[in-house]
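Have the viewer open as you read.

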Amino acid sequence: MTESAAIAVTVPQIAKMIDHSLLHPTMTDREILAGLEMAKRYKVAAACVKPYSIPVAKDALDGSGVLICAVIGFPHGNSITAVKILEAEEAVKAGAQEIDMVVNVGKVLGGDWEYVTNEIRAINDTVVKRGAILKVIFENDYLRNEDITYLCKICTSLSVAFVKTSTGFGFVKQPNGLYAYKGATVPHLQLMKANVGPNVQIKAAGGIRSLDEVMRAISLGVSRIGTSSTETIIEEALRRGVNTPVGFAMVSPVDSHG
């Protein structure tokens with residue numbers, strides 16, 4: 001069943017919800033710099049980069065108002081906690097204002113909630129102490145609903161700034177032997193929204209490539225979008241007239257089964 005939700009929004013508001021993703025492993029320094037320039041041109045919320053790109057991002061984004069978001073334990077979350085802490089410390093020292101950290105998925109699936117909680121707490125404390133914020137990446141494609149629910153409650157209890165759906169690289173082997181991922185789905189976003197506290201925000205990432213998908217996420221209570229399709233989304237918004245100072249009423253299709 002499909003419903004509709006009308007939302008008043010402007011292009012600058014959409015842009016300030018986007019973390020422009022520059023995380024693909026094949027990206028060259030030249031491509032990363034071009035992506036940073038795009039992030040600056042569209043005045044997005046943040047540019048999401050690999051840790052070694054932080055110095056380049058700091059230079060490119062200086063004075064732009066675009067934040068630097070660095071990923072750690074990325075994309076599989078398998079590093080030991082001490083390494084994740086060190087990586088987070090070094091990223092913030094280098095200039096990152098936001099940290100996106102992947103949970104230890106195996107520990108989540110194995111129900112070792114003490115380990116998972118202690119790791120999130122340690123990294124959140126490390127990041128917050130240095131004036132940055134933490135987004136915890138769940139990698140929902142690998143998880144059961146009860147895992148997502150419990151992670152939301154842990155992050156709420158630890159006052160984590162954001163919970164995040166996916167890395168965009170959480171590929172699951174299909175029956176035909178090929179690998180695919182769903183990323184940010186409507187049921188998972190609804191589940192996360194229902195189980196986080198009022199002070200925890202949601203970042204939807206993975207498979208969001210169009211304006212309609214952005215608007216659908218907004219209608220579900222998402223505050224930040226992780227995407228590499230920033231230019232496509234913003235240019236589509238401009239073509240569709242979402243550029244008036246007072247805002248523009250959008251209709252966002254919400255597929256309860258998507």
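Let's start with Cys69: this residue is buried, with a relative accessibility of 0% (buried means under 20% relative accessible area, exposed over 50%, partly exposed in between, using a 1.4 Å probe and protein chains only). Bear in mind that this is a predicted model, where local features need pLDDT of at least 70, side-chain atom pairs count only at pLDDT 80 or more, and totals for chains, interfaces and linings use all residues. Residues are numbered from 1 along each chain as its sequence is written, and side-chain values use heavy atoms, with hydrogens and water left out.

**The cysteine pair**

Which cysteine sulfur is closest to that of Cys69? The one in Cys48, at 3.4 Å, which is too far for a bond. Cys48 is buried as well, with a relative accessible area of 2%. A disulfide is a covalent bond between the sulfur atoms of two cysteines; here the criterion is a pair of cysteine sulfur atoms within 2.5 Å. The structure holds zero disulfides.

**Glu98 and its surroundings**

Cys69 is also one of the residues that Glu98 touches (contact means heavy atoms within 4.5 Å). Leaving out residues up to four places away in sequence, others touched by Glu98 include Asp19, Ala46, Leu67, Ala132 and Arg224. Is Glu98 buried or exposed? Buried, because its relative accessibility is 3%. Its side chain makes a polar contact with the side chain of Lys135 at 2.7 Å. For that term, a pair of N or O atoms must lie within 3.5 Å; within protein, one must be able to donate a hydrogen and the other to accept it, and residues adjacent in sequence count only if both atoms are side-chain atoms.

**Strands side by side**

Glu98 sits in strand 5 (residues 98-102). Helices (H or I, at least four residues) and strands (E, at least two) are DSSP runs, numbered from the N terminus, and two strands pair if DSSP finds at least two bridges between them. Here are the pairings, each with a residue pair where one is listed:

| Strands | Sense | Bridges | Residues opposite each other |
|---|---|---|---|
| 5 and 6 | parallel | five | Glu98 and Ile133 |
| 7 and 10 | parallel | three | Phe162 and Gln201 |
| 10 and 11 | parallel | three | Ala205 and Gly226 |

From strand 10, the chain passes through helix 9 (residues 211-219) to reach strand 11, in a right-handed β-α-β crossover. Right-handed means that, with the strands pointing away from the viewer, the path from the first strand over the helix to the second runs clockwise. Strand 6, helix 7 and strand 7 form a right-handed β-α-β unit too.

How many residues of strand 6 are buried? Four of its five, so the strand is mostly covered. Strand 10 (residues 201-205) is largely enclosed by the rest of the structure, because four of its five residues are buried.

**Helix 7**

Helix 7 (residues 145-157) has 13 residues and spans 19 Å from first C-alpha to last, close to the 18 Å expected at 1.5 Å a residue; the expected span is 1.5 Å times one less than the number of residues. Its buried residues are Asp147, Ile148, Thr149, Leu151, Cys152, Ile154 and Cys155. Among the elements covering them are helix 6 (113-129), strand 6 (133-137) and helix 8 (186-195). After helix 7 comes Ser159, with a positive phi near 55°.
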